[in-house]
Every structure is written in C-alpha cells, then in structure tokens.
Amino acid sequence: MTKQPLRVGRVRYGLWLLEEAAAGARSRVRAVVDGTATAGRELRWAAELSARATTAHIDHVRPEPLGDRRLLGLMAAIAVAALGVSFVLGVGVAQWLMTAENSMVFAAAGSLAIGLAVLSLAFLVFASRRRRRP
C-alpha cells in the first residue's frame, strides 16, 4: 500500500496556512495572558497582605498623651496652617465668583481642607486623653 499526497483545494490550503501562521501568535498571546494573570494574582495577594498588616498595626497603635507645651504648639501650628488655607481659599473663591460659573474646584478644596483640619484636631483630642488601665 502506498501513500499518496492528499488533494487539497486552494481554499482549504489557504485556511490551513492561515491556521499555521496564527498558531505561533496564539501561543505567544496565551503566554502573555498567563504571565499577566500570574502577576495580577501576585499583586492582589501582596495588596491583601499589606491591608491585613496595616489593619493589625492600626489596632495596636495607642496615641501617647502630649504635654501642655507640645499640645499648645501643635494647636498653634494647626491654627496658622488653617489661617493660611482659609486665606488662599478665600482669594480663590472670590476670583471664582467673579469669573467662572458651575465650577466646584474651590468648594471641593475647601471641604477637603476643613476635613483635614477637623481630623487633625480630633487626633489631638484623642491623643491627649489619658489611658485607662484594665
């Protein structure tokens, strides 16, 4: 029994040739996708570990009470910084009201600055509170 070559038409041969040419590209794409998925899993794992470690450290942080002199200095520094921010925001809002309509940049910046000032003052209040021994 002798083997004879298969008779293949031009269309089938063209499709076969296209499949062979695309096979290399498909394998490279598959390797890149697999590598990207592996890197993504590693990054997700690292982010999860970092988040767990951060929450564990936050639970163990206990603010130390400040002395009167340091507390007064810190409150004065926050007051001076808040005064500077309010001056800059006041000038910005005055310019904004004279020129631009429907712009919320300065309102957002003002709310952010107020939030930071309140957060720092809340830290001062809780940092200066005495610890209770169980």
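Let's start at the second largest pocket, which is lined by Ile78, Ala81, Ala82, Val85, Ser86, Leu89, Gly110, Ala113, Ile114, Leu116 and Ala117. A pocket here, on a 1 Å grid over the protein atoms alone, is an open set of points where a 1.4 Å probe fits, with protein on both sides within 12 Å along at least five of seven lines, and lining residues have an atom within 4 Å of a point. Helix H2 (68-99) and helix H3 (105-127) are the elements that each give two or more residues to this lining, and H2 gives the most, with 6. By class we have 9 nonpolar, 2 polar and no charged residues, with Gly counted as polar. The space inside is about 160 Å³, taken as the volume filled by probe spheres set on the grid points.

Before I go on: this is a predicted model, where local features need pLDDT of at least 70, side-chain atom pairs count only at pLDDT 80 or more, and totals for chains, interfaces and linings use all residues. Residues are numbered from 1 along each chain as its sequence is written, and side-chain values use heavy atoms, leaving out hydrogens and water.

Now the whole chain. It has 3 helices and 0 strands, with helices being DSSP runs of H or I, at least four residues, and strands runs of E, at least two.

How much of the chain is buried? Of the 134 residues, 7% are, meaning under 20% relative accessible area with a 1.4 Å probe, protein chains only. The accessible surface is about 12200 Å², 66% of it from carbon and sulfur atoms, by the Shrake-Rupley method with a 1.4 Å probe.

Definitions and conventions: Buried means under 20% relative accessible area, exposed over 50%, partly exposed in between (1.4 Å probe, protein chains only).
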